[in-house]
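This briefing walks through one protein chain, from its overall make-up to a few individual residues. Please keep the sequence and the structure in view while reading.

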Amino acid sequence: GFLKSLGAASLIVPFSGATVSADTSTSAGTINTFKVPPLDFGQRSGDTLSFNLQLGVAKTQFFKGVNTSTLGINQSYLGPVLRAKRGDNVRINVTNQMGVPSTLHWHGMVLPANMDGGPHQEIKHGDRWTSEFKIRQEASTLWYHSHQMHQTGAQVYHGLAGLFIIDDDSSQQLGLPQEYGVDDIPCTIQDRRFNRDGSLSYIGSMHDRMMGMEGDTILVNGVVTPTLQAKRSLLRLRLHNGSNARTYQLAFSDQRNFQVIASDGGFLTAPVTINSLRLAVGERAEILVDVSDQKTIQLLSQQANGGGGMMGMMSRMSGSSEAFTIMTIDAKQAQPSTHAIPATLRAMAAIPNPKASIATRKFDLQMGMGMMGGGFRINGKTMEMSRIDFQVKRNSTEIWEVRNDSPMAHPFHVHNVQFHILDRNGKKPTEIESGLKDTVLVQRDEVVRIVMTFPEYSDAKVPYMYHCHILEHEDQGMMGQFVVV
Ligand code: C2O
Ligand code: CU
Ligand code: CU
């Protein structure tokens, strides 16, 4: 199933599937100590920071004694957390040793199109691709993942993803928790489904194909529902929804409040106190949670799917709308933190004033509901690598009006920009959604308007993508391409 799901005609790396020594459908022990992903600061020479990433096939133990076939980047599942600073010139060498073609895309990064790692920057087995760009944006938690045409879902599902943290001078002066792995902790949340032999199960039904691939087992940084032993009483969690399809409604088991401090593209103007946060596929949020009461709490998803419509109906039918645990935080040993929650985080972001003179582009997200389940389209069209859907002018500001004409919610993502949400069905966004975004969930029957200024990079030949970030929808064509000229 693994090879087939990756579409491999011939895999060069010998590969024999999962080795079974335990039945994961029973209470066979999981290996559930929280894992802090390795940090990669690159190698500095002059003003260039170089990273070397290798995509490979591996085996990972998600369950004790059970080897599961996975894909990884410099490790067996997922990749290191890349870290660079605004102003750095980064050079990332990506070598593909997977036996099948792939790409690596820098999600949320503002950069020239030929460095973006989209479907046009394919890396064949054995080849090396170098992506080089200057980091111009502010402190934020971005990520990277495979963007191989028609194979993004399968490749990300098996492990081709990681985080990319950008720092800047002002972010480091805010007095926020920032000791990596101690009080500043990345959490990549993914749901997976395992076969009885321990192998990952990918797309088993028309339901998976239509709704996107959802699993019944939660991984955080590649560990099944782990327990984090908190070392400090104030924790900063960099929450990242790295799932293929599932939207989470995150809350703590005792409904305690927490502060949201950052969205996809950077800090909010001030911390926002809430007790429940929706995170769709591709989105990130940084939160602060106070565990000075030294309790043991769970981070839960209150409801499997964000909202009503078909998704809500399906999840109610399958009984998956109950709360389930993402991870446990045990704060018994938490030492008092020297950090406090800051009152403000940044000056008000300048949201371009939506004047009549700004061009508005319209996007209709559409799903064919026929027996074949096909027909994932934007404006009536299925993605084609050879078709450029439109051009935008460099340095121009545009409003994109995204309408969901389908029975389920879709997280809409645009490459090469961080945008602001203007409104949802005419209503202003919440404070949490007022910051910089690169992915926005568009509910059924909703019209979301976003506004963004395209950077100065231009290339009439190499396109950027916009698409639904439910990876099975993207793979089936709910994606388009634009060039900046
Ligand atoms: Cu996160 Cu086009 O990708
Ligand atoms: Cu992207
Ligand atoms: Cu979708």
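Of the 485 residues of the protein chain, 49% count as buried. The model is a predicted one, and its secondary structure comes to six helices and 32 strands. Among contacts between residues at least 6 apart in sequence, 79% join residues that are at least 24 apart.

**Confidence**

- The pLDDT of the protein chain averages 90, and 87% of the residues score at least 70.
- Residues 1-5 have a pLDDT below 50, and in the model this stretch has 10 contacts beyond near neighbours in sequence.
- Residues 304-309 also have a pLDDT below 50, and for this stretch the model shows 21 contacts beyond near neighbours in sequence.
- For the complex, the predictor gives an ipTM of 0.99 together with a pTM of 0.92.

**Domains and the contact between domains 1 and 3**

- The domain assignment divides the protein chain into domain 1 (2-170), domain 2 (184-330) and domain 3 (359-484).
- Where domain 1 meets domain 3, the contact takes 17 residues from domain 1 and 17 residues from domain 3.
- On the side of domain 1 that touches domain 3, helix α2 (residues 152-158) supplies the largest share, which amounts to three residues.
- That side of domain 1 is made up of seven nonpolar residues, nine polar residues and one charged residue.

**The seven-stranded sheet**

- Seven strands form an open sheet with mixed pairing, and their order is β13-β12-β11-β15-β20-β17-β18.
- Strands β13 (223-224) and β18 (266-274) stand at the edges of this sheet, and because each has a single partner strand, one side of each is left without a neighbour in the sheet.
- Strands β17 (residues 258-263) and β20 (residues 284-290) run antiparallel and are joined by three bridges.
- Val 260 has Ile 287 as its bridge partner in β20.

**The largest nonpolar core**

- In soluble globular proteins, nonpolar side chains tend to be buried together.
- The largest nonpolar core here has 118 residues, of which Val 220, Leu 239, Ile 261, Ile 287, Val 402, Val 442 and Ile 450 touch the most other members.
- Strand β3 (residues 48-63) gives the most to this core, contributing five residues.
- Leaving out residues up to four places away in sequence, Val 442 touches Leu 365, Val 402, Asn 404, Ala 409, His 410, Phe 412 and Val 448.

- Thr 141 counts as buried because it has 22 C-beta neighbours inside 10 Å, where 20 or more are needed.
- Apart from residues up to four places away in sequence, Thr 141 touches Leu 163, Ile 165, Arg 238, His 240, Ala 262, Arg 284 and Glu 286.
- Although Thr 141 and Gly 265 are 124 residues apart along the chain, their C-alpha atoms are separated by 7.0 Å.
- His 145 has 25 C-beta neighbours inside 10 Å and therefore counts as buried.
- Once its neighbours within four places in sequence are set aside, His 145 is in contact with His 105, His 107, Val 156, Leu 160 and Ala 161.

Technical notes
Residues numbered from 1 in each chain as written. Chains lettered and ligands numbered in written order. Predicted model: local features only at pLDDT ≥ 70, side-chain atom pairs only at ≥ 80, totals over all residues. Pairing = 2+ DSSP bridges. Helix = DSSP H or I, 4+ residues; strand = E, 2+ residues; numbered from the N terminus. Domains from an automatic or database assignment. Contact = placed C-beta atoms within 7 Å. Nonpolar A, V, L, I, M, F, W, Y, C, P; charged D, E, K, R; others polar. Core = buried A, V, L, I, M, F, W, Y, C linked by C-beta atoms within 7 Å. Buried ≥ 20, exposed ≤ 12 C-beta atoms within 10 Å, placed from the backbone. pLDDT = per-residue confidence, 0-100.
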